[in-house]
Amino acid sequence: MARPKPAGHPLIIRMDYEMKMRGVSDEEMATALRIKLRTLQDRRKHPERFRLPELERMEAKLKVPLDELRGKNVECKRA
C-alpha cells in the first residue's frame, strides 16, 4: 500500500502557488532573492534555512505580505 505524500512546508506551498499564479520561474525567483538557483532548490528542501532578507525580497517579488508567506510558527535566520 502506498504511503500518502507528506504535507509540504506552508512557506514552500505558498511560494510555489504564488510563483505559478504570477508566472515567475525558479530562475527569476533566485535572481530576485539574490541567490543561485541551486541555493533556491536547497531552500525548498530546507525552508528553515531561508534568511530574513531573502524572505523580504520574496515578499516584494510576489507582492504577498511576509506574515502570509511564512504562515504560523515559521522561524527564519537573521543574515
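Helices, in the sense used here, are DSSP runs of H or I with at least four residues, and strands are DSSP runs of E with at least two, both being numbered from the N terminus. The model examined is a predicted one, in which local features need pLDDT of at least 70 and side-chain atom pairs count only at pLDDT 80 or more, while totals for chains, interfaces and linings use all residues. Residues are numbered from 1 along each chain as its sequence is written, and side-chain values use heavy atoms, with hydrogens and water left out.

Helix α2 contains Thr 31, a residue that is exposed (over 50% relative accessible area, with buried meaning under 20% and partly exposed in between, for a 1.4 Å probe and protein chains only). The relative accessible area of Thr 31 is 60%, and its C-alpha atom is separated by 10.0 Å from that of Arg 57, which is 26 residues apart from it along the chain.

In soluble globular proteins, nonpolar side chains tend to be buried together. When neighbours within four places in sequence are left aside, Met 15 is in contact (heavy atoms within 4.5 Å) with Leu 40, Arg 44, Phe 50, Met 58 and Leu 62.

The axes of α1 and α4 (lines fitted to C-alpha atoms, for helices over the stretch in contact, with angles from 0 to 180 degrees between N-to-C directions) come within 10 Å and cross at roughly 30°. The two helices α1 and α4 are therefore roughly parallel to each other, a term that covers angles under 35 degrees. On the α1 side the contact is made by Leu 11, Met 15, Glu 18, Met 19 and Arg 22, and on the α4 side by Leu 55, Met 58 and Leu 62.

Arg 34 lies in the loop between α2 and α3 (37-45) and is exposed, with a relative accessible area of 66%. Lys 63 lies in the loop between α4 and α5 and is likewise exposed, with a relative accessible area of 67%.

Technical notes. Angles under 35 degrees count as roughly parallel, over 145 as roughly antiparallel, 65 to 115 as roughly perpendicular and the rest as oblique.
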